[in-house]
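Dear colleague,

Please find below the structure that I am handing over to you, together with its sequence. My findings follow directly after it.

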Amino acid sequence: MSLDPATRERIQTLLSEHRVVLFMKGTRQQPMCGFSAAATNTLNELLDDYHTVNVLEDQAIREGIKIFGEWPTIPQLYVEGELVGGSDIIRQMYTSGELHSLFGAAPPDRTPPEITITDKAAEMIRQGTADAQGVVIHLEIGPDFSAGFQLAPAGDFDIVAESNGLTIHFDPASAQRAKGIVIDWVSTVQGEGLSLKFPGAQQVHDMSVQELRQRLADGNLTLVDVRPAAARAMLPPLPEARILEDEGYDAFAALPKDTPIAFVCQRGISSRGVAERFASHGFSQVFNVEGGMEACSG
């Protein structure tokens, strides 16, 4: 299949104007698929600035870039006009340190973090992995301190930490963020599961709708609506609310750590997860609005 000359020229112009170009679904601030999110998360660890092209907004580029680089999937990373690969290759190169070298960054610190796995968490992990063969436990911790466990084969460049007779595998950035964490097993109204507590993590406090309205009236509270656009269309945000999706996580993470900040979602469930990330950052006055916007509109 041949590539339209005009589309080829557009792609070549993009590559000549920018040293690092990521063709992706969505934007750096709002990736629209898991693979694109994984690619931007990795690049964000090493680069303050790089160019992204949202292929969802340009069908010619979306199909043309697959022909241009003879690479069938999105995202695609180009550096100095050369195709590097997709999200899996980007991640592999980051873990091995090749991506650091490519961008002139210092090699990753491979010191295993000191972690603690509680007895209850260790018991539940052993039960959950008793039949797993050929895989190990990986823990990925993002820049916003969101965390995810998965079972996958061990990688040649994994950083491995041990506690309570168990081993946990990390990529370089996650290993740095994992220093001093406690992995526990907790029961909440949302269910049971593994939980991470970071050094310096603060407590998340519940806030009633009545207290929310009073604090907003007094002007001493930052309210953050964490809902996606579809949910906000169903129940419009409060006038005082700032929108996480619009401003981005980093804008709020840069606030002074003693800022009183409350999070709200539709029912008060997903907002708690965001609140816990800010508490992990060391924010000392973090609140979750009980019942969410449904309670506020009642």
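Predicted model: local features only at pLDDT ≥ 70, side-chain atom pairs only at ≥ 80, totals over all residues.

Strand E1 covers residues 20–24, and five of its five residues are buried, so the strand is largely enclosed by the rest of the structure. Its side chains are divided between two directions: Val 20, Leu 22 and Met 24 point one way, while Val 21 and Phe 23 point the other way. Residues of both groups are buried.

E1 is paired with two strands. With strand E3 (residues 76–79) it runs antiparallel, and four bridges join the two; here Leu 22 has Leu 77 of E3 as its bridge partner. With strand E2 (residues 51–54) the arrangement is parallel, again through four bridges, and Val 53 of E2 is the bridge partner of Phe 23. E1 and E2 also belong, with helix H2 (residues 34–46), to a right-handed β-α-β unit.

Helix H2 in turn packs against helix H4 (residues 87–96). Their axes come within 9 Å and cross at roughly 30°. Angles under 35 degrees count as roughly parallel, and H2 and H4 are therefore described as roughly parallel to each other. The crossing of H2 past H4 is left-handed. On the H2 side, the contact is made by Phe 35, Ala 39, Thr 42, Leu 43, Glu 45 and Leu 46; H4 contributes Ser 87, Ile 90, Arg 91 and Tyr 94.

With kind regards

Conventions
Residues numbered from 1 in each chain as written. Heavy atoms only, no water. Buried < 20%, exposed > 50% of the residue type's maximum accessible area, 1.4 Å probe, protein only. Pairing = 2+ DSSP bridges. Right-handed = clockwise from strand over helix to strand, strands pointing away. Axes fitted to C-alpha atoms, helices over the stretch in contact; angles between N-to-C directions. Parallel < 35°, antiparallel > 145°, perpendicular 65-115°, else oblique. Left-handed = near helix turned anticlockwise from the far one by under 90°. Contact = heavy atoms within 4.5 Å.
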